[in-house]
Amino acid sequence: MSSIYFLGIGGTAMASVAVALSHLGHAICGSDTALYPPMSTYLETNNIRYFKGFSEKNISGSTPDLVVVGNAVSRGNCELEYALNHRLQLISMPELVRNELIAKNTSLVVTGTHGKTTTTSILAWLLEYGGLKPGFLIGGIPENFSISCRASGQKEPGFFVTEGDEYDTSFFDKRSKFMLYRPDIAIINNMEFDHADIFDSFEDIRKSFRQFVNLIPGTGILLVNGDDPAACEASSGAFCPVERFGFSDGCDWSACDIFGSNGITTLTICKNGKPEGTLSIPLAGRHNIMNALGAIAAATHCGLHMETITCAMPQFRRPKRRMEVTEGIRSGLTLIEDFAHHPTAIRATLEAITELCPGRRIIACFEPRSNTTTRNIFQQELAACFGPASIVVLGKVHRPERYAPDMQLDVSRLECELQEQNKSVFIAGTGSSDYPGDIVGFLESVIEENDVVVLMSNGSFSNLKTLFLGNFGK
């Protein structure tokens, strides 16, 4: 077995892959600038040695056979420079996953701008329930497994399910990560513009997805959102069979007789218009029905029968931070945390919450943190996506100094446009150094019994959840 050094081991995917490979017998070590729970705890629990901070001594003393370079690591990093100068073998995390974890397994890759984590989690759970012992790499923590990555449990080639991110791979490989995962069965959930730091236009994203589609062998299968014209266009050049899922006419996989109550959606799955089975999923919202349709379609191509899927779906547990309801809140209040950071995802999340909590007032707290929402690219879209919310709290724009003033999200304009929709708006981090304590103070002044508070960010929101629980916990 190899000695593998992870340069940037503190990332969720990097740490998860490191632990999975250690369980296969590889000697694992690594470093990162700042390691903190839960990933530091995860590494320590699994006896993974790591260094806090970068130093040439870290990597020189480890004498690795292979250096895995995280995509947040760039030239100038002293350990990377040492590895280059001493001709150590470098590899990206996606390539390592392909070589060591996907290997000869049937590769299932879930792609799309939205819904990847939930869809991948559903698919991995269906295969697990069906006794197929899949390996997986998921960009969140699926509650059915409590880990983000593991190797296939089959002695013979089995299945490996990967959340296929379109973000770039490493400083030396600017392809989307999903290009490295050798897809046999692929899902395209949807396609929108995002990641403005690496894509110049939507056409660039289209090009990356078309290249991904071109990797699927003729013996494979592509499952595509039939309601999304861009996703369908990307699938048009496929050399493999293509099946569509969605609500549009002509979709191979669809849902009907849909009924939602108390966070559980009951529906009938149809294949080519013919009912295949009725099942319940513990998820709310139209977007989650689409996530489930894609995963169910893929699972059937792995040999699972609808009877098995029908039994498995009610036992699915959503990934952390995907409409995650936190217990222990003051009586009458509900706190929901979600990863939503794109206008489409914000809208879908809030609409799903109106199903989950009908008739209740929604307070939406949003942190503009991604490399796209911190700029004015989605200025108009952000003004239009908070429809179900009565009160909107806007957190600090993350690192706005990266962009010229005319490129930054105009928070004052966004505030005015939301107020024109008769929403109460609070702009955090402006009149006080106590951030995000000022958000908690504002919530104290406006919150009412039976309110639903939603925290939406692709980061930590400066520990707002912890502060909120300290003030509004039982």
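**Notes on the predicted model**

1. Helix 6 is mostly covered, since 12 of its 14 residues are buried.

2. The length of helix 6 (residues 116–129) can be checked: at 1.5 Å a residue its 14 residues should span 20 Å, and because the end C-alpha atoms are 20 Å apart, the two values agree. After helix 6 comes glycine 131, which has a positive phi, near 80°.

3. The largest nonpolar core has 80 residues, and Phe6, Val17 and Phe386 are the ones with the most contacts inside it. Helix 1 (residues 12–23) gives this core its largest share, 7 residues. Another core, of 42 residues, lies apart from it and has Leu108, Phe159, Leu223 and Leu267 among its members. In soluble globular proteins, nonpolar side chains tend to be buried together. Beyond its neighbours within four places in sequence, valine 17 is in contact with Phe6, Met93, Leu96, Val97, Leu101, Leu137 and Cys149.

4. Which side chain of opposite charge is nearest to the buried aspartate 338? The nearest is that of arginine 322, but at 6.3 Å away, and aspartate 338 has no salt bridge, the cut-off for which is 4 Å. Aspartate 338, which lies in strand 19 (residues 334–338), does make a side-chain polar contact with the side chain of threonine 349, at 3.2 Å. Residues up to four places away in sequence aside, aspartate 338 touches Arg321, Arg322, Met323, Thr349, Leu455, Met456 and Ser457.

5. Arginine 182, in the loop between strand 11 (173–176) and strand 12, has a positive phi near 45° although the residue is not a glycine, and arginine 182 is partly exposed, with a relative accessible area of 31%. Arginine 399, in the loop between strand 21 (391–394) and helix 13 (411–419), likewise has a positive phi of about 45°, and counts as partly exposed at 45% relative accessibility.

6. Tyrosine 435 and proline 436 are joined by a cis peptide bond, with omega about 5°. Proline 436 lies in the loop between strand 22 (424–427) and helix 14 (437–446).

Notes
Residues numbered from 1 in each chain as written. Predicted model: local features only at pLDDT ≥ 70, side-chain atom pairs only at ≥ 80, totals over all residues. Heavy atoms only, no water. Helix = DSSP H or I, 4+ residues; strand = E, 2+ residues; numbered from the N terminus. Buried < 20%, exposed > 50% of the residue type's maximum accessible area, 1.4 Å probe, protein only. Lys, Arg positive; Asp, Glu negative; His and termini not counted. Polar contact = N/O pair within 3.5 Å; in protein donor to acceptor, adjacent residues only side chain to side chain. Contact = heavy atoms within 4.5 Å. Core = buried A, V, L, I, M, F, W, Y, C linked by side-chain atoms within 4.5 Å. Expected span 1.5 Å × (residues − 1).
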